[in-house]
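Here is my note for you to read beside the model. Take the points in order, and keep the viewer open.

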Amino acid sequence: MDGAGAEIYALEVSDGTPLAQAGDTIYTTVDAIPDGAIVTVLSGSPLLEGASLRTVTAAGNGVSGAEAQEVARLLDGRFIAAKTADGPTTLTYAYDLGVAGVTMRDGTLCVAVGLREGGQEPTVSRTLIGREAVVVTGSREYTHPDPVFVSDPACGMAFCGVKVPLADLPADAIELRVAIRDRE
């Protein structure tokens with residue numbers, strides 16, 4: 001066809017390299033992943049080098065490529081495919097991780113670390129084997145190995161607790177920061 005009424009077809013070519021997986025299904029092209037599918041990006045995937053793989057937080061912060069894969073790996077999170085009519089398919093892991101509350105009992109602060117994915121709690125409790133939840137205040141760190149995030153549908157997030165002895169808390173501690181990292 002020429003001019004008006006011409007239809008444009010896009011063709012995505014794959015060399016057969018596995019990119020992502022959902023259950024038993026392996027995808028070798030990004031555009032083959034259905035809209036809304038929840039996938040795990042496979043190690044060695046060319047997606048780790050591109051901007052089609054990304055994370056986003058409620059505050060609008062995020063990273064892409066291999067950094068996005070690292071965030072999802074640390075939290076055992078999955079990416080959700082989003083197709084648009086005029087652009088490429090993107091794979092996004094939307095999450096929030098932060099201090100969800102602090103309580104004190106018997107001279108110990110218990111910092112509730114909250115995890116939310118896609119605006120809600122993970123559907124099942126999640127144990128992060130080989131990782132640790134970290135609470136940082138000033139120059140001190142407090143860790144909890146192999147944290148278990150327990151879902152709480154009433155709050156819309158999952159929680160794990162990190163204990164901070166009140167006697168160890170620096171006098172100038174005015175903020176708490178949390179992270180998940182690989183155990184050393």
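1. Start with strand β6, residues 87-105. This strand gives the most to the lining of the largest pocket, contributing three residues. Bear in mind that the model is a predicted one.

2. Now look at the pocket as a whole. Its volume is about 320 Å³. A set of 15 residues lines the largest pocket. Which of them lie nearest its centre? They are I38, R78, I80, E117 and G118.

3. What kinds of residue make up that lining? The lining of the largest pocket splits into five nonpolar, five polar and five charged residues.

4. Stay with E117, one of the residues nearest the centre of the largest pocket. E117 also forms a salt bridge with R126. Their closest N and O atoms are 2.6 Å apart. Is E117 buried or exposed? E117 has 14% relative accessibility, so E117 counts as buried, the cut-off being under 20%. R126 is buried as well, because its relative accessible area is 14% and falls under that 20% limit.

5. Step back to the charges in general. Side chains of opposite charge can pair when their charged atoms come close. How many salt bridges does the model have? The count comes to eight salt bridges.

6. Next, find R73 and D182. Their side chains meet in a salt bridge, with 2.5 Å from N to O. This pair links distant parts of the chain. R73 sits in helix α1 (residues 65-75), while D182 sits in strand β13 (residues 177-182). The two are 109 residues apart.

7. How accessible are these two partners? R73 has 31% relative accessibility, so R73 counts as partly exposed, the class between 20% and 50%. D182 is at 33%, so D182 counts as partly exposed too.

8. E70 joins them, and E70, R73 and D182 are linked in a network of salt bridges. Show these three residues together in your viewer.

9. One more pair deserves a look. The side chains of E175 and R177 meet in a salt bridge, at 3.4 Å from N to O.

10. To check your reading, return to two places. In the first, E117 pairs with R126. In the second, R73 in helix α1 is joined to D182 in strand β13.

Notes. Residues numbered from 1 in each chain as written. Predicted model: local features only at pLDDT ≥ 70, side-chain atom pairs only at ≥ 80, totals over all residues. Heavy atoms only, no water. 1 Å grid on protein atoms, 1.4 Å probe; cavity = no way out; pocket = protein on both sides within 12 Å on 5 of 7 lines; lining within 4 Å. Points joined across faces, edges and corners; volume = space filled by probe spheres on them. Helix = DSSP H or I, 4+ residues; strand = E, 2+ residues; numbered from the N terminus. Nonpolar A, V, L, I, M, F, W, Y, C, P; charged D, E, K, R; others polar. Salt bridge = Lys/Arg side-chain N within 4 Å of Asp/Glu carboxyl O. Buried < 20%, exposed > 50% of the residue type's maximum accessible area, 1.4 Å probe, protein only.
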